[in-house]
Structures are given as C-alpha cells and as structure tokens.
Amino acid sequence: MGCCTGRCSLICLCALQLLSALERQIFDFLGFQWAPILGNFLHIIVVILGLFGTIQYRPRYIVVYTVWTALWVTWNVFIICFYLEVGGLSKDTDLMTFNISVHRSWWREHGPGCVRRVLPPSAHGMMDDYTYVSVTGCIVDFQYLEVIHSAIQILLSLVGFVYACYVISIFMEEEDTCRNK
C-alpha cells in the first residue's frame, strides 16, 4: 500500500486529533472546566479506538469512531454557541463546571497579551471571589480562543468522518472480495 492511502491518512488524522484533544484537555484542566474535561476524555478514548481499528483493520471500531465524530461536532457547536452567547446561553454561568465552582476558562485570565491584576475586595464581597480579578490588554478575547479551539475540533472531526467512511467502505469491499473467492 502507498503512504497516501485513505487508511494512512486516517491514521495521521487520528494522531492529529489526539494531539489537539490533549492540548485542549490540558487547558480545560487548568480552568477546572469539568464538562469539557469529560467530553475531551471520551473523545480521546474514541479516537484511540478509531486509530486501533484503522491499524488493525477493524471496521466496527471505525464505525464507533464515525458515530462519535458526529456527536463531537454537535458538542463543539454547542461550545461555540455557549461562548458566543447564542440562544440564551451565557459564558458567565457555571454550566461548564457543572455548577460546582466559579472557575471559568483558563484563557479568560491567561490569554495572549492579557495583563492580570487582583483588585482588593469590596467590604461586602467574599475574599475568594473571582470578580476581583481584572484582566486587560488581551490581544484576543478568551471566548474567541475557545471558539477557535472548537472550530479546529469540528474541522478535524468532519475530515475524520469523511476518511473514516472511506476506510470503512474499503475494508468492507476487501472483505466482500475475500468472501467471493
């Protein structure tokens, strides 16, 4: 087989998806974003399963990967809508942390060019409240960085879906050819 086959391309794409998901997982852990952490973890498991299925010629594993990519696109569209505040969603809610903490995206305070200052709390505020952190000078606002991350995930998933469907059809065609002999 040549190196530019659909199978080889899907292997490379799965490896790229793993790297992208691991990078995203790290920053979600830094921001204590529990919903995305759980989603990223499942995504990493299924991409490894798809990678294994591609390497070992297991079309059923690739089918699981294919179905997951559709769900992953849906999740990332939700993330984009959440951070752009579409349809009544608000990026200032605790939805991504399952309402168990007041943490927000790590990029909110640590984005490119951001200058973070801790302001003294007011008399009626609590000491550990995050409202006392002032962030100025960001080159790109945090919500747009999150949207970029999700858009990259969508792009990789859509390309992965196409390649996975192609590889499944090739594997099934080879299986049918072997049965007919």
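Select Thr54 first: leaving out residues up to four places away in sequence, Thr54 touches Arg7, Leu10, Ile11, Ile62 and Phe171, where contact means heavy atoms within 4.5 Å. The model is predicted, so local features need pLDDT of at least 70 and side-chain atom pairs count only at pLDDT 80 or more, while totals for chains, interfaces and linings use all residues. Residues are numbered from 1 along each chain as its sequence is written, and side-chain values use heavy atoms, with hydrogens and water left out.

Thr54 lies in helix α2 (residues 34-55); helices (H or I, at least four residues) and strands (E, at least two) are DSSP runs numbered from the N terminus. With a relative accessible area of 0%, Thr54 is buried. Buried means under 20% relative accessible area, exposed over 50%, and partly exposed in between (1.4 Å probe, protein chains only).

**The nonpolar cores**

Select Leu10 next. Apart from neighbours within four places in sequence, Leu10 is in contact with Thr54, Ile62, Tyr65, Gly160, Tyr163, Ala164 and Val167. Which residues touch the most other members of the largest nonpolar core? They are Leu10, Cys14, Ile62 and Tyr65, in a core of 16 residues. A nonpolar core is a set of buried Ala, Val, Leu, Ile, Met, Phe, Trp, Tyr and Cys residues joined through side-chain atoms within 4.5 Å. Helices α1 (6-30), α2, α3 and α5 each supply at least two residues of this core. A second, separate core of twelve residues includes Val73, Phe82, Tyr83 and Trp107.

**The aromatic rings**

Now display the aromatic side chains; the structure holds eight aromatic pairs. Rings of Phe, Tyr and Trp (its six-membered ring) pair if their centres lie within 6.5 Å; planes under 30 degrees apart count as stacked, over 60 as edge-to-face and the rest as tilted. Phe52 and Tyr61 form a tilted pair, because their ring centres are 5.7 Å apart and their planes stand at 35°. Phe52 is partly exposed at 38% relative accessibility, and Tyr61 is partly exposed with a relative accessible area of 30%.

Move to Trp68 and Trp72, whose ring centres are 5.9 Å apart and whose planes are at 25°, so this pair is stacked. Both residues lie in helix α3 (residues 59-83), four residues apart, about one turn of the helix. Trp68 and Trp72 are both buried. Then select Trp75, Phe78, Phe82, Tyr83 and Phe142, which ring pairs link into a cluster.

**A loop residue**

Finally, select Ile139. Is Ile139 buried or exposed? At 67% relative accessibility, Ile139 counts as exposed. Ile139 is found in the loop between β2 (133-136) and α5 (142-180). Beyond neighbours within four places in sequence, Ile139 is in contact with Pro112 and Gly113. Ile139 and Gly113 are 26 residues apart in sequence and 5.4 Å apart in space, C-alpha to C-alpha.
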